Amino acid sequence: SLLGKEKGSTCCQMAAGPPDLGQAALDSNEATNPAEGTETSPRDVLRQAVFRDHSWASCAFITVGLSMCITVDILQYSMPLAFLPSVLEDRGHAPMVIATAIGVYYWTGFAGGAMITSYQVWRLLRPTEADMEEEETEELVSVGMVKRQLRYLIIGLCIGTATLLGQAIHPHLWVHTACRFVQGLIGAFIFFYAFLLSVAMFKGQQQVFAMTMASTALNIAEVLGSSFGAWIFDNWGERSVYYTLGVVSMTNQVLLFLIHAGVRGDGVARRRTPQLPGVSPSPSSERGAGEGRGVIAAISVWRPSPRGVRRLRSALSSPWLRCSVVLIMTAAMVKASVEEVLPFHADHRWGLQPLQIGTLFSIVASAYISAAMVAGKLWEHLKDFRVLFGAFWLAALGFTSWCVFFTASLYKQEAVLWGNLVAYGVCLGLTHTPAALMLAEAIDHEMGPAKDAVNGVWNTMWEAGGSLGFLLGGLIAENYARQLNLFAGYAACCAVCAAVMLSLGGLSPEKAPAAAAGA
């Protein structure tokens with residue numbers, strides 16, 4: 001009899017979960033779910049929240065790996081930026097064809113972002129078993145979820161490496177266009193999961209650091225990548241640019257494998273589908289989960305659940321998300337147009353060579369890095385003025401972008417052009433970084449699929465702004481008068497959008513987190 005009891009106890013322990021979760025964790029789980037006579041399957045307990053309280057050394061290592069994903073993806077776009085327009089123009093291609101080869105990255109990125117956002121919104125709206133519950137339960141950011149998203153990043157980088165190899169082997173117009181098409185589409189997924197993991201894997205000041213690094217890595221890659229690409233092109237030729245970037249991409253994949261291997265849980269076992277304490281399962285649940293799924297399946301997948309609609313409305317009404325979207329979309333539109341037009345402007349109005357054009361982008365990158373670091377340091381101290389801070393620098397961004405191109409009408413001294421580029425780079429850093437930090441605030445106030453939906457909306461609007469900026473820049477790339485008109489229009493647009501941000505978030509944005517938390 002005693003032998004039978006010991007054998008039964010051992011079997012129950014094996015069914016409850018693997019021994020590495022710890023007996024204390026299993027005892028805690030039993031205390032939370034004390035209903036007698038209820039069998040617990042392995043799927044019920046093999047859930048651990050991802051560990052988020054890292055040492056600063058571990059935080060820096062993980063942040064470098066995630067930020068490098070964004071850097072590698074953007075370098076695929078930016079490294080050819082200083083020399084590819086001139087190379088294609090010398091081969092006799094029209095400016096709009098060149099703009100298509102350059103800007104298709106952003107256009108397909110927008111398409112990919114729209115796909116991701118549509119799927120995440122569908123996940124949020126579709127009927128689930130949770131709709132039958134009276135109370136919402138926060139979805140766990142589990143170890144398995146984080147590891148799966150890291151694998152998505154590795155796969156995306158592998159595809160990008162293959163396209164770089166194609167550009168190196170056959171560097172012609174149609175190959176560049178096709179490869180950049182794929183890079184932009186895959187880049188949308190890399191953006192989505194890199195930013196999402198930067199929020200999910202950290203908390204507190206480490207989360208601010210991770211989001212600042214992600215935003216900084218993106219914009220450094222966009223502007224400094226052009227200088228780096230021009231330097232490699234000038235010394236070793238066009239093919240070497242793509243081979244070099246392929247090596248960097250594979251190095252990043254190794255880092256992600258190491259991060260993937262080091263992901264661990266917080267050591268607390270949790271049920272996959274939590275139950276209220278002391279409540280025995282209903283007769284329907286005792287008959288099996290299949291019948292419950294049948295009830296949900298009977299609800300049309302095209303009919304959104306009332307609970308999902310409420311959660312979507314709550315997410316989209318967040319002041320942090322609204323202000324962040326207005327800020328990033330407008331700033332990305334201005335930035336994309338500058339990057340599209342500046343190589344032509346520097347070539348035709350200033351007579352600069354590809355390496356010198358790359359130097360202009362380096363100036364912007366240096367100013368951006370400094371400004372982004374300042375924004376990250378000041379963010380905690382700007383608690384009462386965060387929206388006002390972002391709105392002010394958005395208005396300044398429109399004005400400085402116009403000054404960059406207006407300089408050629410008044411002065412032909414490169415020092416004046418450099419000064420305007422420094423001011424423009426500072427404004428970039430003080431708009432893109434606050435936009436990313438506002439996104440982190442918005443994501444933290446949401447639960448479950450709403451986090452993914454908010455992140456998808458933000459990334460899609462970023463891509464939308466960049467796509468529109470490249471389109472408008474490509475249309476007027478060679479006409480100086482139209483360049484001035486476009487950026488004068490941007491100056492007015494940025495001022496209007498700054499006013500919109502203030503109307504959405506208020507002069508004192510301390511109301512924004514309260515509203516988001518209460519939504």
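At what angle do the axes of helix α17 and helix α18 cross, and within what distance do they come?

## Packing of α17 and α18

The axes of helix α17 (residues 414-444) and helix α18 (residues 449-475) cross at roughly 160 degrees and come within 9 Å, where axes are lines fitted to C-alpha atoms, for helices over the stretch in contact, and angles run from 0 to 180 degrees between N-to-C directions. Helix α17 is therefore roughly antiparallel to α18, a label used for angles over 145 degrees. The crossing of α17 and α18 is right-handed, that is, the near helix is turned clockwise from the far one by less than a right angle.

On the α17 side, the contact (heavy atoms within 4.5 Å) is made by His 432, Ala 435, Ala 436, Leu 439, Ala 442, Ile 443 and Asp 444, and on the α18 side by Lys 451, Val 454, Asn 455, Trp 458 and Trp 462. Sorted by class, the contact of α17 with α18 has eight nonpolar, two polar and two charged residues.

## Basis of the model and overall make-up

The model is predicted, so local features need pLDDT of at least 70 and side-chain atom pairs count only at pLDDT 80 or more, while totals for chains, interfaces and linings use all residues. Residues are numbered from 1 along each chain as its sequence is written, and side-chain values use heavy atoms, with hydrogens and water left out.

The protein has 20 helices and zero strands, both taken as DSSP runs (helices H or I, at least four residues; strands E, at least two) and numbered from the N terminus. Of its 519 residues, 52% count as buried, meaning under 20% relative accessible area with a 1.4 Å probe and protein chains only. Among contacts in the protein with a separation of 6 or more, 88% come from residues 24 or more positions apart.

Thr 161 lies in helix α7 (residues 143-169) and is buried, with a relative accessible area of 15%. Apart from neighbours within four places in sequence, Thr 161 is in contact with Gln 76, Gly 246, Ser 249, Met 250 and Gln 253.

Gly 390 lies in helix α16 (residues 386-410) and counts as buried at 0% relative accessibility. With neighbours within four places in sequence again set aside, Gly 390 is in contact with Leu 327, Thr 431 and Met 501. The C-alpha atoms of Gly 390 and Leu 502 are separated by 9.4 Å, although these residues are 112 residues apart along the chain.

Note on methods: Buried means under 20% relative accessible area, exposed over 50%, partly exposed in between (1.4 Å probe, protein chains only). Angles under 35 degrees count as roughly parallel, over 145 as roughly antiparallel, 65 to 115 as roughly perpendicular and the rest as oblique. Ala, Val, Leu, Ile, Met, Phe, Trp, Tyr, Cys and Pro count as nonpolar, Asp, Glu, Lys and Arg as charged, and the others, Gly among them, as polar.
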